[in-house]
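Subject: Structure handover

Hello,

Please find the structure below. My notes on it follow, with the cut-offs given where each term comes up.

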Amino acid sequence: MYSTQVSKDMEMREFSGDLVLCLVLIISSLILIHRLWSDLLAVLGVVFMMGSLSGLLLIIHRKIMLLERSLAVYQRTTRANLEEISTKMVQKYDGTIAHVDGVMEEFTKRIYR
């Protein structure tokens, strides 16, 4: 539970920078709208353009975060699989060495008889 809270806090810190930039974008578009108030079509164009741009930035940030999470999961899974393969290989190696030792002992017994 603690780790999920920490990751959510870190996620919000990363996300807060994008939110601040989106707010700056929106405020600057409002200033631009105030200067162009006489042309309603230009005002609507600026509003939609800035809104869609800030939304696009937030969506891209979210997708990058999801990719980072999936990459971390992939790395953990790969590491676990490699550890499992390593233990199996060690067991097979030990079994093969034991078999070779047994054959060598039997061979030396036959030679000395």
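Buried here means under 20% relative accessible area, exposed means over 50%, and partly exposed is anything in between, with a 1.4 Å probe and protein chains only. This is a predicted model, so local features need pLDDT of at least 70 and side-chain atom pairs count only at pLDDT 80 or more, while totals for chains, interfaces and linings use all residues. Residues are numbered from 1 along each chain as its sequence is written, and side-chain values use heavy atoms, with hydrogens and water left out.

Overall

The chain has two helices and zero strands; both kinds of element are DSSP runs numbered from the N terminus, helices being H or I with at least four residues and strands E with at least two. Helix α1 covers 2-35, and helix α2 covers residues 40-112. The 73 residues of α2 should span 108 Å at 1.5 Å a residue, and the 107 Å between its end C-alpha atoms agrees with that. The expected span is 1.5 Å times one less than the number of residues in the helix.

Of the 113 residues, 10% count as buried. The accessible surface comes to about 10,000 Å², and carbon and sulfur atoms account for 69% of it. Areas come from the Shrake-Rupley method with a 1.4 Å probe, and for residues only the protein chains shown count as cover.

Core and buried positions

Five residues form the largest nonpolar core: Leu 25, Ile 33, Val 43, Val 46 and Met 50. Such a core is a set of buried Ala, Val, Leu, Ile, Met, Phe, Trp, Tyr and Cys residues joined through side-chain atoms within 4.5 Å. Helices α1 and α2 each supply at least two residues of this core, and α2 gives the most, with three.

Leu 25 lies in α1 and is buried because its relative accessible area is 17%. Leaving out residues up to four places away in sequence, Leu 25 touches Met 50, Leu 53 and Ser 54, where contact means heavy atoms within 4.5 Å. With the same exclusion, Val 46 touches Ser 29, Leu 32 and Ile 33.

The buried residues of α2 include Ser 54 and His 61. Ser 54 has a relative accessible area of 6% and, beyond its sequence neighbours up to four places away, touches Cys 22, Leu 25 and Ile 26. His 61 counts as buried at 16%; outside four places in sequence, its contacts are Glu 14, Phe 15 and Asp 18.

Surface

Leu 53, Leu 56, Leu 57, Ile 60 and Ile 64 make a nonpolar surface patch of about 410 Å². Patches consist of residues with over 30% relative accessible area and no salt bridge, like charges being joined within 9 Å and nonpolar side chains (Val, Leu, Ile, Met, Phe, Trp, Tyr) within 5 Å. Leu 57, in α2, is partly exposed at 43%.

The structure holds one salt bridge, defined as a side-chain nitrogen of Lys or Arg within 4 Å of a carboxyl oxygen of Asp or Glu. The side chains of Lys 88 and Glu 84 form it, at 3.5 Å from N to O. These two are four residues apart in α2, so about one helical turn separates them. Lys 88 is partly exposed at 46%, as is Glu 84 at 42%.

Regards
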